[in-house]
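These are my notebook entries on a single chain. I set down what I looked up, topic by topic.

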Amino acid sequence: MELTENIIICNASTFPHWLTEPFYSDYVGIVVCHQGTFHFCVDGTSYTTKADETVFLSKGIMLQVTESSSDLQFTLLFYHSENIRPMLGNTVVTMRLYATIYPKACHIIHTGFENMLASYARMLQALEQQEDTSPYSAYEEKLLLLAVTYRLCSIFSMSYKVVGKDMARKIEIFESLLKLIEDNYMRERSVAFYADQLCLTPKYLSVMVKSLCGNTVQQLLFKAIIRRSIFLMKNTNMSIQQISYELNFPNASTFGTFFKKHTGLSPKHYRMATE
């Protein structure tokens with residue numbers, strides 16, 4: 001299967017080969033398990049999903065399906081949510097939930113909306129498979145993705161039914177931290193720097209971030225570095241040595257050790273696997 005803007009697999013029994021190997025996902029992902037079970041790893045942590053459960057996957061994760069039952073039936077939808085962000089509106093609740101829609105790398109829950117999520121995937125797949133597209137097809141697709149995203153916001157809002165001032169402030173700090181990391185990770189990789197920028201102690205910031213997203217500040221920094229590494233390997237002709245310098249590593253060996261630790265593959269093997 002070609003990796004495209006959206007990845008849609010409906011009512012399938014086996015996962016594509018690229019998901020049975022370490023796969024770096026920059027998509028928002030949902031997998032609805034209709035029947036059977038499957039086992040998978042996200043960032044080195046193992047999970048199991050059974051019938052009538054939905055897997056919610058954040059972007060910027062390393063995913064690998066390790067095992068599945070013979071009676072497995074699932075629907076999968078991966079999409080780039082950035083494409084519809086301008087359409088989400090400016091309501092505080094929606095934008096906060098959107099920004100933290102997947103605060104943890106992986107959630108597995110029975111939502112009660114499994115059939116609805118699968119229906120959205122089928123409609124999106126039908127749009128992508130039609131031979132004669134009209135000028136309205138792209139708008140239809142965006143509206144369907146918007147509907148999916150609002151449904152996900154609705155599902156996750158259940159865990160934020162009572163958002164007091166303290167939680168609202170934590171979410172605000174978390175959003176600011178993500179922006180700071182995106183702007184500074186190439187140069188600044190110490191927790192102390194980000195805590196200072198947010199006028200907090202490193203200890204408080206670390207504990208708060210861990211409680212919100214399940215990752216440490218350092219892990220969020222590492223994810224940003226891996227994201228950029230993979231972008232450069234996929235989209236440029238830069239050598240591994242050049243990429244290591246671009247990312248502020250002292251040499252290619254240090255970068256290679258870091259990359260393999262977080263992806264399971266050396267930069268060379270990752271690049272070869274994606275060519």
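**Entry 1: confidence**

In which helix of the chain is confidence lowest, and in which is it highest? I found the lowest mean, 43, in helix H1 (residues 92-99), and the highest, 96, in helix H5 (residues 191-197). The scale is pLDDT, the predictor's confidence in each residue, from 0 to 100. Over residues 90-102 the pLDDT is below 50, yet this stretch has 37 contacts in the model beyond near neighbours in sequence. A contact here means heavy atoms within 4.5 Å.

I record the conventions here. The model is predicted, so local features need pLDDT of at least 70 and side-chain atom pairs count only at pLDDT 80 or more, whereas totals for chains, interfaces and linings use all residues. Residues are numbered from 1 along each chain as its sequence is written, and side-chain values use heavy atoms, with hydrogens and water left out.

**Entry 2: the chain as a whole**

I counted 10 helices and 9 strands; these are DSSP runs numbered from the N terminus, helices (H or I) of at least four residues and strands (E) of at least two. Of the 275 residues in the chain, 44% are buried. I use buried for under 20% relative accessible area, exposed for over 50% and partly exposed for values in between (1.4 Å probe, protein chains only). The chain exposes about 14300 Å², and carbon and sulfur atoms supply 53% of that area. The areas come from the Shrake-Rupley method with a 1.4 Å probe; for residues, only the protein chains shown count as cover. Among contacts with a separation of 6 or more, 70% are between residues 24 or more positions apart.

**Entry 3: the sheet**

I next traced an open sheet of 5 strands, in the order E1-E8-E3-E6-E9, with antiparallel pairing. Two strands pair if DSSP finds at least two bridges between them. E1 and strand E9 (106-109) stand at the edges with a single partner strand each, so one side of each has no neighbour in the sheet. On average, neighbouring strands of this sheet are turned by 10° against each other, direction ignored.

I then examined strand E8 (residues 73-79), in which 6 of the 7 residues are buried. Strand E1 (residues 6-12) runs antiparallel to E8 and is joined to E8 by 5 bridges. Within that pairing, isoleucine 8 has leucine 77 as its bridge partner, and alanine 12 has phenylalanine 74. Strand E3 (residues 28-35) is also antiparallel to E8, over 7 bridges; there, glycine 29 is partnered by phenylalanine 78.

What lies across these strands? Helix H2 (residues 114-129) lies across E1, E3, strand E6 (53-57), E8 and E9, at about 120° to E1. Axes are lines fitted to C-alpha atoms, for helices over the stretch in contact, and angles run from 0 to 180 degrees between N-to-C directions.

Is cysteine 106 buried or exposed? Cysteine 106 belongs to strand E9 and is buried, because its relative accessible area is 9%. Leaving aside neighbours within four places in sequence, I list its contacts as Phe40, Val42, Tyr47, Val55, Phe56 and Leu57. Its C-alpha atom is separated by 6.5 Å from that of serine 58, 48 residues away along the chain.

Serine 25 is in strand E2 (residues 23-25) and counts as buried, at 3% relative accessibility. Not counting residues up to four places away, serine 25 touches Lys59, Gly60, Ile61 and Phe78.

**Entry 4: aromatic rings**

How many aromatic pairs does the structure hold? I found 12. Rings of Phe, Tyr and Trp (its six-membered ring) pair if their centres lie within 6.5 Å; planes under 30 degrees apart count as stacked, over 60 as edge-to-face and the rest as tilted. Phenylalanine 193 and tyrosine 194 have ring centres 4.9 Å apart and planes at 90°, so their pair is edge-to-face. Tyrosine 194 is buried, at 0% relative accessibility.

For phenylalanine 259 and tyrosine 270 I noted centres 5.7 Å apart and planes at 75°, so this pair is edge-to-face. The pair links distant parts of the chain, helix H9 (residues 252-263) and helix H10 (residues 267-274), its residues being 11 apart. Both phenylalanine 259 and tyrosine 270 are buried.
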